[in-house]
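Let's take a look at a ligand site and a pair of helices. Here is the structure to keep beside you as you read.

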Amino acid sequence: MTLSSSISMADACSRDWDVVVIGAGPAGTVAARQLALQKLHVLLIERKAFPRYKVCGCCLNQRALSSLQAIGLGAICEDLGAVPLNSFQMRFNGREATVPLPGGLAISRSVFDERLVQAAIDEGVCFLPETTAILKNSAEQDQTRQLELTQQGQPSGAVSAKMVLAADGLGHPSLQQCDDFESTVSQNSRLGVGALLASDDFSEYPTGVIHMAIHKSGYVGLVRVEDGRVNLAAAIDRDFIKQSGSPTAAVLAILQASGFPAFSEISEGSFKGTIPFTRKTLRPVGNRVFVLGDAAGYLEPFTGEGMANAIADAVAVAQIAPRGLVTWDHALEQEWLKKHHKITDGRLYWCRWLALLLRLPVAVGIGLRLFHLFPAVARPIVARLNH
Ligand SMILES: Cc1cc2nc3c(=O)[nH]c(=O)nc-3n(C[C@H](O)[C@H](O)[C@H](O)COP(=O)(O)OP(=O)(O)OC[C@H]3O[C@@H](n4cnc5c(N)ncnc54)[C@H](O)[C@@H]3O)c2cc1C
């Protein structure tokens with residue numbers, strides 16, 4: 001069953017909004033809810049029908065769970081039957097290492113994100129799904145921002161807001177008409193590829209374990225989610241996908257080379273992809289616009305930190321955004337840049353190193369042998385990424 005709109009298009013277009021939030025991923029839904037809790041009028045616009053699939057490893061780390069707890073959403077994962085994670089098993093070239101991974105949970109994005117939208121609606125957020133929002137350019141003195149809306153590819157209306165949060169994920173497609181949100185994309189960025197797979201026999205992929213197949217051209221993660229299905233998410237070099245002939249063939253080649261068993265549902269599964277994901281929005285703020293979550297930049301899925309960052313960004317933006325409704329100024333923009341960089345930059349160092357090491361087969365081989373012989377060595381690394 002799809003989650004229906006809580007407002008009609010005509011009604012959405014006729015009101016003056018304090019805040020329009022674009023994108024109903026973790027960044028957008030949590031920010032919208034936090035703003036509604038402060039009695040602001042918030043419209044949340046999402047281009048897909050909900051629930052929707054999203055390419056993601058579906059693992060929430062402890063940092064993400066603590067943030068949800070802090071804003072009163074700590075119980076939702078348990079209510080949804082999220083699977084507790086206990087270990088992380090890596091395989092490369094037939095070698096294997098398993099390290100303990102306490103405290104995380106696995107949950108499919110369709111179920112998790114839908115529940116977050118419901119939590120936002122419960123606090124008074126108006127939700128308009130199956131609607132694509134495009135922000136129009138503005139002059140510096142403009143007191144409101146205008147957005148064009150389309151449904152099924154047809155112009156359907158326009159809304160106006162005192163402030164806009166762009167939480168529309170990789171590449172921030174809603175900002176394509178605006179000049180001031182330039183992005184850089186890393187030349188060797190990988191593509192995300194994923195599918196949710198059902199089978200009668202997943203005995204090779206036990207519940208509670210993240211299985212990670214590592215290869216010089218990418219990696220494939222598999223984890224069981226709340227309904228027993230396997231969520232597969234991979235980050236693969238573009239050239240390797242081309243060489244292999246398809247994303248499915250590339251996934252199968254990586255599993256085979258690493259030593260993980262393939263299963264027939266992979267060949268039959270329908271894979272979805274992302275645009276190149278290693279990217280950064282140079283200045284994730286503009287006149288009455290905050291950019292957050294993946295829309296502001298994303299580096300490396302291996303660390304499993306994307307949702308934690310998105311939620312932390314959302315909580316942080318909701319603390320300062322109400323001031324922008326009174327006065328939007330340079331100081332507020334600077335404050336957002338500082339907060340956003342504090343959330344993401346401290347972890348960039350680790351992510352960059354990890355991303356680099358994962359591309360070096362010798363380093364991966366040595367690392368795995370080390371973790372296999374001395375699992376305790378991995379503990380501080382896992383703890384650093386988890387918190
Ligand atoms: C292969 C891979 C594996 C990953 N594994 C993990 C993991 O295990 N754990 C983890 O924490 N993170 C993981 N991530 C990262 C995680 O998926 C993202 O960081 C997270 O989804 C970011 O949330 P967000 O709310 O910023 O964006 P999103 O979740 O992408 O949400 C953006 C929303 O905006 C909507 N939208 C886009 N454009 C418009 C528009 N113009 N108008 C209206 N709506 C629009 C989209 O439909 C979407 O619903 C992984 C990523 C990849 C690629």
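At what angle do the axes of helix H3 and H9 cross?

## Two helices

The axes of H3 (residues 62-70) and H9 come within 8 Å, crossing at roughly 30°; axes are lines fitted to C-alpha atoms over the stretch in contact, with angles from 0 to 180 degrees between N-to-C directions. H3 is therefore roughly parallel to H9, a label for angles under 35 degrees. Helices here are DSSP runs of H or I with at least four residues, strands are E runs of at least two, and both are numbered from the N terminus.

## Around the ligand

The ligand is surrounded by 36 residues, each with a heavy atom within 4 Å of it. The closest are Glu46, Gly57, Cys59, Asp294 and Met307. H9 gives the largest share, 3 residues.

## Polar contacts and cover

Polar contacts are pairs of N or O atoms within 3.5 Å. A backbone N or O atom of Cys59 lies 2.8 Å from a ligand nitrogen, and a side-chain N or O atom of Asp294 is 2.8 Å from a ligand oxygen. The protein covers 96% of the 1,000 Å² of accessible area that the ligand has on its own, by the Shrake-Rupley method with a 1.4 Å probe.

## About the model

This model is predicted: local features need pLDDT of at least 70, side-chain atom pairs count only at pLDDT 80 or more, and totals for chains, interfaces and linings use all residues. Residues are numbered from 1 along each chain as its sequence is written, and side-chain values use heavy atoms, leaving out hydrogens and water.

Conventions
A polar contact is a pair of N or O atoms within 3.5 Å; within protein, one must be able to donate a hydrogen and the other to accept it, and residues adjacent in sequence count only if both atoms are side-chain atoms. Angles under 35 degrees count as roughly parallel, over 145 as roughly antiparallel, 65 to 115 as roughly perpendicular and the rest as oblique.
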